[in-house]
2 protein chains.
Amino acid sequence: MNQASHPASDGPAPAGRLVVVSGPSGVGKSTLLSRVLPRTGAVFSVSATTRDPRPGEQDGRDYFFVSRPRFEEMVRQGQMLEWAEVFGHLYGTPAGPVLENIRAGRRVVLDIDVQGAIQVHAKMPQAVFVLIVPPDEQTLQARLTARRTETPRQRDLRLGKADQELQAARDSKVYDDEVVNDDLDAAVERLVRIIQQESGKA
Amino acid sequence: MNQASHPASDGPAPAGRLVVVSGPSGVGKSTLLSRVLPRTGAVFSVSATTRDPRPGEQDGRDYFFVSRPRFEEMVRQGQMLEWAEVFGHLYGTPAGPVLENIRAGRRVVLDIDVQGAIQVHAKMPQAVFVLIVPPDEQTLQARLTARRTETPRQRDLRLGKADQELQAARDSKVYDDEVVNDDLDAAVERLVRIIQQESGKA
């Protein structure tokens, strides 16, 4: 399951691919990906960061831990597919390991926000960009009313924020596919198919 | 359980009180409040909004539905304890129903962000302001590692955002109490005690 089940048409090399996945907060993207990755044999892209490692964290598995000067040098040399400064630390996706995985025939999944996806799209437009979207308003309302752990106002604010994030994602025009997370099992199947597909973008 | 179990010292009137509750996103505040309210007999403050009612929503229960001119008039006349414009609609807390509930001896709970709490504090400093805070870093890390549904980077971003919100809340200096949501049952007990207490601010 770790590689494409049949070779690409131009030779024996299996079809490695970068799949960029985004979604508004609260859409269930993390749960979805944690179910999808074991099914597809895809691997998560490992980010680089300038923050210090914490106990139990391994360089190359949890993060590539690099100094700020080294990170900035990688940015200058075009070695980051995307990067951002968040809460005083730099985070980014080094291109090298992603390209190595693709050449080895692996699907690589990058879980990133819209700003990151836009940067990746500029450098690797041939990657597959997937947007996880919430169910339609009616389904969502029914689900939330069943839950009833928040006030109508808190719910409005949360849904409004998700709507705004979704709109920004759609406005970016970088996404090739949308997966509606209405039923988790069904959404897992749809995302598995997108990650495994041979056709489409190279 | 709907009112104070013994009268305040200055007479037979029960001790109604406004309790303002805030907490960074993801801290579990909604779940906590949904458990605490039935225990204390406290009522949620009902917000006013300029958005249209949706099917099933009742005026005075889910929201006070008001026109924008009416909302703006209430703001000008000082009848909103706090308000904000969010995603094109106005939301606020009308002072009238809160004061009526307090006079009737009820505890009224307002679930609001820090910006709202600061506004309420300016108008009703005698209210009780409670901040729900996440467990210490170590407990949180252990809990998250057990869950493992997100990448280290997504986790960093989420925790960083919560940290920033918490810092902003503490910087506001309006909160009288903090409730650590480490163990849900224990946190429920602590918040129940704060809502039921007779002493402290009038």
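Visitor: In what order do the 4 strands of the open sheet in chain B come?
Guide: Keep in mind that this model is predicted. The open sheet in chain B has mixed pairing. Its 4 strands come in the order β4-β3-β6-β5.

Visitor: Which are the edge strands of that sheet in chain B?
Guide: An edge strand here pairs on one side only. Going by the order β4-β3-β6-β5, look at the two ends of the row. The edge strands of chain B are β4 (64-65) and β5 (80-86).

Visitor: How many bridges pair strand β3 with strand β6 in chain B?
Guide: Strand β3 covers residues 48-49 of chain B, and strand β6 covers residues 89-94. They pair in the antiparallel sense. The number of bridges between the two strands is 2.

Visitor: At what angle does helix α3 of chain B run to β6(B)?
Guide: Find helix α3 at residues 95-103 of chain B, lying across β5 and β6. Its angle to β6(B) is about 25°.

Visitor: What about chain A: which residue is the bridge partner of A:T49 in β6(A)?
Guide: Chain A also has an open sheet of 4 strands in the order β4-β3-β6-β5. In chain A, β3 (residues 48-49) and β6 (residues 89-94) run antiparallel and are joined by 2 bridges. The partner of A:T49 is A:Y91.

Visitor: Are α4(B) and α6(B) roughly parallel or roughly antiparallel to each other?
Guide: Helix α4 (residues 114-123) and helix α6 (residues 152-172) of chain B have axes that come within 10 Å and cross at roughly 10°. Angles under 35 degrees count as roughly parallel. So α4(B) and α6(B) are roughly parallel.

Visitor: How many nonpolar residues are in the contact of α4(B) with α6(B)?
Guide: From α4(B) come B:V114, B:A117 and B:I118, while α6(B) brings B:A168, B:A169 and B:S172. The contact has no charged residues and 1 polar one. The nonpolar count is 5.

Visitor: Now the two chains together: what kind of rotation axis relates the copies?
Guide: Chain B can be laid on chain A by a turn of 180° with a shift of 0.0 Å along the axis, and the RMSD is 0.0 Å. The copies are thus related as by an axis that is two-fold.

Visitor: Which residue of chain B comes closest to that rotation axis?
Guide: Follow the C-alpha atoms of chain B towards the axis. At 5.0 Å from the axis you reach the closest residue, B:G26.

Visitor: Which helix gives the most to the side of chain B that touches chain A?
Guide: The contact takes 21 residues from chain B and 21 residues from chain A. On the chain B side, α1 (29-40) and α6 each supply at least two residues. With 6 residues, the one giving the most is α6(B).

Visitor: And how many charged residues are on the side of chain B that touches chain A?
Guide: That side includes 7 nonpolar and 9 polar residues. The charged count is 5.

Visitor: What percentage of the interface residues of chain B are also interface residues in chain A?
Guide: The copies meet through the same surface, because the interface residues of chain B are also interface residues in chain A. The figure is 100%.

Terms used. Residues numbered from 1 in each chain as written. Chains lettered and ligands numbered in written order. Predicted model: local features only at pLDDT ≥ 70, side-chain atom pairs only at ≥ 80, totals over all residues. Least-squares fit on C-alpha atoms with pLDDT ≥ 70 in both. Contact = placed C-beta atoms within 7 Å. Pairing = 2+ DSSP bridges. Axes fitted to C-alpha atoms, helices over the stretch in contact; angles between N-to-C directions. Parallel < 35°, antiparallel > 145°, perpendicular 65-115°, else oblique. Nonpolar A, V, L, I, M, F, W, Y, C, P; charged D, E, K, R; others polar.
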